[in-house]
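Before reading on, please take a moment to look over the chain and its fold as a whole. The questions below are meant for someone meeting this structure for the first time.

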Amino acid sequence: MLNLIAKYTGGIAPALLACAFLFITSLAQAAPASSASFDHAKTGFLPRGIHTTLKCEQCHVDGIFKNTPRNCAGCHSVGSRVGAIAKPDNHVQTNQACDVCHTSPTSFLVQSFAHPGIKDKCATCHNGQYPSVVSKGSTHFPTALPCESCHANLTSFSNWRMNHTGITSACANCHSGTFPGIVSKSATHIQSSNACDACHTESNTNHYTTFLGAGFDHETNPVPVANICSTCHGGRPGITPKAADHFPTSAQCDTCHTQSNTGNYTTFSGIRYTHSPADNCQTCHTGSFANASGKSSSHVSTTAQCSVCHTSSNTGNYTTFLGGSYTHSTPPGVCSTCHNGQTALGKSATHVVTTGACSFCHTQTNTSNYTTFLGASFVHASPPGVCSTCHDGNQATGKPVFHIPTTAACDSSGCHSQTNTSNYTTF
């Protein structure tokens, strides 16, 4: 201490200095100075946190006040005159000021780290070598890609997205259900040992950004002979199932949806059902089920089974409803119930005006058992009435061009009488 005083007093005699030192010491003991009276803020540096509890000489070593460091690294560095705790060897490599990350003057715990200007080389710090620095976890999926390839947000490692550019195979390395946050086969996924990209191709997944839109190539991946289509097409998400309006059947899908009529199983259109034998047609052909035609609105009213009229022969083995034939009972009943021109062939525009039943003229004999309307015969009443009402050349045979000119009724004057016309069956 004497040497220090001598240094700043210009070399006053040591004896005199000794007396002065003892005098100053006694004064200090008698009336100690109060540190509370010193306002450190006036120096331009305000101690915070743990620094307020330090003794002056811990920072002002050897009583030197001038050029005392004001930044953290001035004291907290290897070789510092102050000798404060320095950055350890396993500290992350950075030239940032200490207080950029260590915001607490009481503790060196990192409160937050801003990544201004840092866009790559994350693994320089986030590599598992530095304490308290978040790094790739043990459950992270295997990859050699830089962190920033997926983690665009450098404040948080959440909300990442994987860029699958160039990746066209080995999907199961990551999408295996082992790694958190990575979509894998769901519980409802079809049972398959095929690689993911056999169905989830780059094109139908929008460069592997989604698993939707997968397509299964039944040609590249042949369907086994004993394949049960419903194993997949039975209600699994994303796979076309039997439609709600499908007709009821327990038959296997490929009974109707064959390889040929479905474009190698790329569509369910173009089905064909082999009807053998034809019974209970109305089970499917009710009009309620897709691709199973029902009775049209103009169909004859009947409760008879479809195959009574639509037989194997007249429907091309039940491939069409055209060509149906009806075997009329004897007597046929009220013909006009069906033969009204809408549900079945009715009277032509040139038919004779009559309210009589069809079968009165169109008998079982002259219609070949009611299979044709040709060959009808009319039993004329006696007297028959006004013949020209029907025999006008349009509705029934009229006067020929060479008939004698007359306005008399056909059966008058004994011309076309009941006798000479064989009871009006001929002229």
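The questions and answers that follow concern a predicted model, beginning with the whole chain and then turning to single residues.

Q: How many helices and how many strands are there in the protein?
A: From the N terminus on, the elements run α-α-α-α-α-α. The count for this predicted model is therefore given by runs of helix and strand assigned with DSSP, and it comes to six helices and zero strands.

Q: What percentage of the residues of the protein count as buried?
A: A residue counts as buried when its relative accessible area is under 20%. The protein exposes about 30200 Å², with carbon and sulfur atoms supplying 59% of that area. Of its 427 residues, the share that count as buried is 16%.

Q: Among contacts between residues at least 6 apart in sequence, what percentage join residues at least 24 apart?
A: A contact here requires heavy atoms within 4.5 Å. Among the contacts in the protein between residues at least 6 apart in sequence, the share that join residues at least 24 apart is 40%.

Q: Is the aromatic pair of F141 and W160 stacked, edge-to-face or tilted?
A: A pair of aromatic rings is described by the distance of the centres and the angle of the planes. By the rule used here, the protein has three aromatic pairs. In the pair formed by F141 and W160, the centres are 5.9 Å apart and the planes make an angle of 40°. Planes under 30 degrees apart would count as stacked and planes over 60 as edge-to-face, so the pair of F141 and W160 is tilted.

Q: Which residues make up the largest nonpolar core?
A: Residues of such a core must be buried and joined through side-chain atoms within 4.5 Å. Leaving aside its neighbours within four places in sequence, C174 is in contact with F141, P142, F179 and I182. The largest nonpolar core has six residues in all, and they are F141, C150, M162, C174, F179 and I182.

Q: Which residues make the nonpolar surface patch of about 280 Å²?
A: Residues of a patch need over 30% relative accessible area. F113, in the loop between α5 and α6, is partly exposed because its relative accessibility is 34%. The patch of about 280 Å² is made by V100, V110, F113 and I118.

Q: Is S80 buried or exposed?
A: S80 lies in the loop between α4 and α5, and, leaving aside its neighbours within four places in sequence, S80 is in contact with G74 and C75. Its relative accessible area is 16%, which is under the 20% limit, so S80 is buried.

Q: What distance separates the C-alpha atoms of A97 and C72?
A: A97 has its place in the loop between α4 and α5, and with a relative accessible area of 43% it is partly exposed. A97 and C72 are 25 residues apart along the chain, and their C-alpha atoms are separated by 7.7 Å.

Q: What is the phi of S368, a residue other than glycine?
A: S368 is found in the segment after α6, where its relative accessibility of 48% makes it partly exposed. The phi of S368 is positive, with a value near 55°.

Conventions. Residues are numbered from 1 along each chain as its sequence is written. This is a predicted model: local features need pLDDT of at least 70, side-chain atom pairs count only at pLDDT 80 or more; totals for chains, interfaces and linings use all residues. Side-chain values use heavy atoms; hydrogens and water are left out. Helices (H or I, at least four residues) and strands (E, at least two) are DSSP runs, numbered from the N terminus. Buried means under 20% relative accessible area, exposed over 50%, partly exposed in between (1.4 Å probe, protein chains only). Accessible areas come from the Shrake-Rupley method with a 1.4 Å probe; for residues, only the protein chains shown count as cover. Rings of Phe, Tyr and Trp (its six-membered ring) pair if their centres lie within 6.5 Å; planes under 30 degrees apart count as stacked, over 60 as edge-to-face and the rest as tilted. Patches are made of residues with over 30% relative accessible area and no salt bridge: like charges are joined within 9 Å, nonpolar side chains (Val, Leu, Ile, Met, Phe, Trp, Tyr) within 5 Å. A salt bridge is a side-chain nitrogen of Lys or Arg within 4 Å of a carboxyl oxygen of Asp or Glu.
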